[in-house]
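Have the coordinates open as you read.

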Amino acid sequence: MDFDNAVTAFEDSTDFTVGLEEEFAVLDPGTRALTPRFEELRDAAQADPVLAESIAGELISSEIEIRSGKGVDVADAAIRQRDHRRRLFALAQERGIALGATGTHPFSDYREQRIIDTEHYHRVEDGLKYVAWRNNTFSLHVHVGVQGADRAVQVCDRLRPVLPLLLAISANSPYVDGRDSGLHTVRTQTFTKSFPRCGVPDAFGSWQAFRSYLEFLVATNSIVEYTQVWWSVRPHLSFGTVEVRICDAQSTAGESDGLAALIVACVAQAARDVEDGVPFADPPARLIEENMWRAIRRGLDGPLIDLERAVEFPGQAALERLLAWTAPVRAELGIDVALPELNGAQRQRRMIDAGAGIEEVYAATVRETRETYAQEVIV
């Protein structure tokens, strides 16, 4: 890792540029089971230079990621991503492939999935074995430009207690291994509670403290590349961004856009609070973990904890709280956040409670995904 170049990346970064990354399950359109056809899509995409540049592999051959590239703001990144979605969904339809967008696949067997043939993912598999094999998960990642390495680390620190709220809002994975997990985001239980260097990071306070930790990992042969640090929020050393990685993939394009806008607002407000010296009560990890578990178990349907006051509040109020906190920067940057009354996990749980089976529930989410992500780009 070149730490001097990382500092330069942050010094040269522009505040609140945005990059979006969305992960999709590659599906057989008849059975809606995972199907290992990423390489086929990747190769076919070479005929479309825009799509070829925006897609990437993610661990297993039955998963594909699309990336917006660097947008000047969240609105610009969303326009870019809508175009990339349209191209990907059109290509998938031409090839007889369906795409899904929930945090986990509800019934395909992880033991039947194949790791893609890249040096990075061979290293992941070699280092993690079962932990990597088990991780058939899909998420939304949002990169936000933050100028200054110290400031980026301090923004990550301030986002630690925000992560469980974002997770509860994004929860969209009640099923795994052919059964109802009883959770709202089993993706988070599978990934963040299993991978090393994952979940909510410690607070570091400064770039130097953060760098010292990474140097320790390298010196002890714990990692060989920075992407082996899988935290739910992290400074990205190559891009000069704060990357938020806590959220489940979203079944509808509107939810993905709304959640991305909310995340950008949270990063930007944290950056403004750092600049303005707004007091920050840095909660210990053990308290944040209480909210993480509540978000995993019941999402927006159960209570979360106000960590400063040590009292519960309804999970459904999580969005309202984040909107109130980010109101100044949303007004400054013109960020609109629109999300439905019920999130993906809640909609699926309402169907489950009404007696729908796993196939029917997943078919409904795949239909939502096809009908919204495949729409024509709006400019």
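The lining of the largest cavity has three nonpolar, six polar and two charged residues. Here Ala, Val, Leu, Ile, Met, Phe, Trp, Tyr, Cys and Pro count as nonpolar, Asp, Glu, Lys and Arg as charged, and the others, Gly among them, as polar. Among the lining residues are Leu-34, His-105, Tyr-110, Arg-134 and Asp-177. A cavity is a set of points on a 1 Å grid, over the protein atoms alone, where a 1.4 Å probe fits but cannot get out; lining residues have an atom within 4 Å of a point. The model is predicted: local features need pLDDT of at least 70, side-chain atom pairs count only at pLDDT 80 or more, and totals for chains, interfaces and linings use all residues. Residues are numbered from 1 along each chain as its sequence is written, and side-chain values use heavy atoms, without hydrogens and water.

Four cavities reach 30 Å³ or more. The lining of the second largest cavity has eight nonpolar, no polar and three charged residues. Phe-204, Phe-210 and Trp-231 are among its lining residues. Helix H7 (149-159) and strand E10 (233-236) each give two or more residues to this lining. Helices (H or I, at least four residues) and strands (E, at least two) are DSSP runs, numbered from the N terminus.

Now the pockets. A pocket is an open set of grid points with protein on both sides within 12 Å along at least five of seven lines. A volume is the space filled by probe spheres set on the points, which are joined across faces, edges and corners.

| Space | Volume |
|---|---|
| Largest pocket | about 990 Å³ |
| Second largest pocket | about 600 Å³ |
| Largest cavity | about 80 Å³ |
| Second largest cavity | about 60 Å³ |

The largest pocket is lined by 46 residues, and Glu-21, Glu-58, Glu-65, Arg-67 and Glu-243 lie nearest its centre. Its lining divides into 14 nonpolar, 18 polar and 14 charged residues.

The lining of the second largest pocket has 15 nonpolar, one polar and seven charged residues. H13 gives the largest share of that lining, three residues.

Last, a helix pair. The axes of H4 (residues 74-94) and H11 (residues 253-276) come within 11 Å and cross at roughly 150°. H4 is therefore roughly antiparallel to H11, a term for angles over 145 degrees. Val-74, Ala-78, Arg-82 and Arg-85 of H4 meet residues of H11 that include Asp-257 and Val-264; contact means heavy atoms within 4.5 Å.

Methods
Axes fitted to C-alpha atoms, helices over the stretch in contact; angles between N-to-C directions. Parallel < 35°, antiparallel > 145°, perpendicular 65-115°, else oblique.
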